[in-house]
Amino acid sequence: MNAKLKTDIKTNWRWYLCFLLFAATTINYLDRQVLSLTWKDFIAPEFHWTDADYGVITGWFSLFYAIVSLFAGKIIDKLGTKRGYFLAIIIWSIGACMHAGCGWLTMHIEGYEHMEALLAVKQGSAAALAISTVSVYLFLGCRLILAIGEAGNFPSAIKVVADYFPKKDRALSTAFFNAGASVGALLAPATIPFLARAYGWESAFIIIGVLGFIWVFFWLKMYDAPEKSKHVNKAELTYIRQDDAEEGTSTSTTNEKVKPIPLLKCLTYRQTWSFIMGKFLTDGVWWFFLFWAPAYFSDMYHYTSDSRQGASLIIVLYLIVTVLSIGGGYLPKVFVEKKQMEPYAGRMRAMLIFAFFPIVALFAQPLGQHSAWFPAIIIGIAAAAHQAWSANLFSTIGDMFPKSTVGTITGLGTMSGGIGSYLINHGSGKLFNYTAGLGSNFTFLGFEGKQAGYMIIFCVCGVAYLIAWTVMKTLVPKYQKIEQ
């Protein structure tokens, strides 16, 4: 009787794995944020960087990420989730730690005996240009390695969700692990600038980078396909595979055993292009907020990232993102379970609602004239809407494609998102340099100079999601499953 009762009560191992995905995503974003929180106040003075230099690094990182993502999903599909995820986080952790050596290498390549000599070089001189050029290339090399590994995070995580959660729970589980992006961005300003101030900016890259090596130990111990996992009982497996029963799919066939749809064939489906355009038009907004928010508060209000006010603004911004974004997984669940809507239709309705919130970004700069807290709160709301949007956007893949092809489609979408991110980050750096140089001679909606540059980008961010939703709905007006 006790044995029967034990098998009737389903285990919840899927949620333990979801927490592991959350931890990986948190580490992922911590690694990305080290540069954005140290460049303006710690790295730029040593290497004589301008906004354009930083824009080149963030822009090309996004482009590296985009290119690698095209292949990352396919590689994850072929290697399998366990081996693929392990390899991805090992590579990106190595890349993260390697950033710490860029200063030492620049010093020796340029023939300086100590770091203080780099600082003493006159800004704008030929020597300063040589130092900035060499250091930018070295950081780009490290960002390339970071991008190669990090490109495997979302294809791997989405495959785990598709294999461990039924359709009705995928938006919620994706929102939960995707909240790691917000938590990582929240923890970063509370730790990284102070590590950099106390021990040097190099230590911040090493300490944060080591976290990935710790994570892989738990991954290897905890993950197996549902049918093979000793932690998943029959009741939980039945719950996980409820969609297979409805669609007449064999529960014994896992995504690891079925060949994925070829890449070129994937590009013939409207569903693929819907996801690609959804990522291309909106991912750059998130990356702009992530990479440029610390610099924005430094430029506009002179709050350095390691000052109490500067750290507080970034922490509050991402606290808003963390708290609000998790709710993004609940809304489609309400539409599906309470309103009895088909999952894709419920998801698209939720995404339309989320698409309206980033419009508040249009008011960040005008209200920011009164207090820095207004743009911090507004950017937090817009970024939270992105995370809610993103969780549901990722879930549309599992709705429409077989599990064996989830990694491939995720990779294609992530690639397009990276291209969009390259355009906005690289363009922002050039725009801010250009508008700062023109000063009062450049105006936009009542703002001058660099303030006008930020206002332009905020306008782009504000309308991106409504445009993306319209394009997606036009491409895929109603649910249609792709069959192999």
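## Basis of the model

Residues are numbered from 1 along each chain as its sequence is written, and side-chain values use heavy atoms, with hydrogens and water left out. The model is predicted, so local features need pLDDT of at least 70 and side-chain atom pairs count only at pLDDT 80 or more, while totals for chains, interfaces and linings use all residues.

Helices are DSSP runs (H or I, at least four residues), as are strands (E, at least two), numbered from the N terminus.

## The α20 and α21 pair

Helix α20 spans residues 406-438 and helix α21 spans residues 449-475. They pack at an angle of about 150°, with their axes 7 Å apart. Axes are lines fitted to C-alpha atoms, for helices over the stretch in contact, and angles run from 0 to 180 degrees between N-to-C directions. The two helices are therefore roughly antiparallel (angles under 35 degrees count as roughly parallel, over 145 as roughly antiparallel, 65 to 115 as roughly perpendicular and the rest as oblique).

α20 passes α21 in a right-handed crossing. A crossing is right-handed if the near helix is turned clockwise from the far one by less than a right angle, and left-handed if anticlockwise. On the α20 side, the contact (heavy atoms within 4.5 Å) is made by I424, S428, L431, F432, T435 and A436. α21 supplies G449, K450, G453, Y454, I456, I457 and C461. By class, this contact has eight nonpolar, four polar and one charged residues. Here Ala, Val, Leu, Ile, Met, Phe, Trp, Tyr, Cys and Pro count as nonpolar, Asp, Glu, Lys and Arg as charged, and the others, Gly among them, as polar.

## The α2 and α3 pair

The axes of α2 and helix α3 (residues 51-79) come within 11 Å. They cross at roughly 175°, and the two helices are therefore roughly antiparallel. R32, L35, S36, W39 and K40 of α2 meet D51, Y54, I57, F61 and Y65 of α3. These contact residues divide into six nonpolar, one polar and three charged.

K74 is also found in α3. K74 is buried, with a relative accessible area of 17% (buried means under 20%, exposed over 50%, partly exposed in between, with a 1.4 Å probe and protein chains only). Leaving aside neighbours within four places in sequence, K74 is in contact with P260, I261, P262, L263, G407 and T408.

## Helix α10

Helix α10 covers residues 201-222, 22 residues in total. From first C-alpha to last it reaches 34 Å, close to the 32 Å expected at 1.5 Å a residue. The expected span is 1.5 Å times one less than the number of residues.

Buried residues of α10 are W201, S203, A204, F205, I208, G209, G212, W215, V216, W219 and M222. They pack against α2 (13-47), α4 (81-98), α5 (102-109), α7 (126-150), α8 (153-164) and α9 (167-199).

D399 sits in helix α19 (residues 373-400). At 0% relative accessibility, D399 counts as buried. Beyond four places in sequence, D399 touches K167, R170, P343, Y344, R347, Y479 and K481. D399 and Q480 are 81 residues apart in sequence and 8.7 Å apart in space, C-alpha to C-alpha.

R170 lies in α9. It is buried, with a relative accessible area of 6%. Not counting residues up to four places away, R170 touches V161, A162, F165, D243, S395, G398, D399 and K403.

S274 is placed in helix α14 (residues 270-301). At 2% relative accessibility, S274 counts as buried. Its contacts, leaving aside neighbours within four places in sequence, are M472, L475 and V476.

## Two loop histidines

Most residues other than glycine have a negative phi. H48 has a positive phi, near 60°. H48 lies in the loop between α2 and α3. It is buried, with a relative accessible area of 5%.

Phi of H302 is also positive, near 65°. H302 lies in the loop between α14 and α15 (308-325). H302 is exposed, with a relative accessible area of 67%.
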